[in-house]
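I opened this entry to look up the salt bridges of the chain.

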Amino acid sequence: MQIQIQARKCSLSDAHKARIEEKVAKLGRFIERVSAIDVVVEPEKNDAMRVEIIVSTELKKIFRADYSSDDVFGCLDQAIDKVEQQMRKFKEKLTDHSVPKDKSSAVETIDAQ
């Protein structure tokens with residue numbers, strides 16, 4: 001998994017980059033096939049910071065979330081929560097077990113009623 005951190009129109013210290021990388025690396029536990037994670041940090045006009053996270057997977061699915069606030073790490077946490085929610089929903093769709101695999105048993109239960 002490749003993690004890329006970009007700071008546009010501002011600068012981040014190495015400690016901040018390491019902390020961001022540590023938090024974002026945990027996104028790989030939801031979907032095994034994460035190929036790249038891009039984090040973009042940039043200031044907005046009203047002295048707030050904006051954090052955008054883009055997660056690319058080998059399944060050709062891209063998850064994207066952003067959040068703006070005064071605190072960089074608060075933005076990061078909120079954006080991570082948004083991406084986690086998207087990834088969980090996608091994984092539930094992949095592993096949906098509500099439809100019976102044997103269609104003949106589903107027909108029998110409908111006919112029995």
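**Salt bridges in the predicted model**

I counted 9 salt bridges in the structure, which is a predicted model.

I turned to Arg29, which forms a salt bridge with Glu84, their closest N and O atoms being 3.8 Å apart. Arg29 lies in the loop between helix H1 (14-24) and strand E2 (34-43) and Glu84 in helix H2 (residues 72-94), so this pair ties together parts 55 residues apart in sequence. I then checked accessibility: Arg29 counts as exposed at 56% relative accessibility, whereas Glu84, at 11%, counts as buried.

My next entry concerns Lys91 and Glu32, a salt bridge whose closest N and O atoms are 3.5 Å apart. This pair links distant parts of the chain, with Lys91 in helix H2 and Glu32 in the loop between H1 and E2, 59 residues apart. I noted Lys91 as partly exposed, with a relative accessible area of 32%. Glu32 has 64% relative accessibility and counts as exposed, because the cut-off for that class is over 50%.

I also looked up Arg50, which forms a salt bridge with Asp66 at 3.2 Å between the closest N and O atoms. Arg50 sits in strand E3 (residues 49-57) and Asp66 in strand E4 (residues 62-69), 16 residues apart, and the pair links distant parts of the chain. Arg50 has 15% relative accessibility and counts as buried, because this value is under 20%. Asp66, at 23%, counts as partly exposed.

Notes: Residues are numbered from 1 along each chain as its sequence is written. This is a predicted model: local features need pLDDT of at least 70, side-chain atom pairs count only at pLDDT 80 or more; totals for chains, interfaces and linings use all residues. Side-chain values use heavy atoms; hydrogens and water are left out. A salt bridge is a side-chain nitrogen of Lys or Arg within 4 Å of a carboxyl oxygen of Asp or Glu. Helices (H or I, at least four residues) and strands (E, at least two) are DSSP runs, numbered from the N terminus. Buried means under 20% relative accessible area, exposed over 50%, partly exposed in between (1.4 Å probe, protein chains only).
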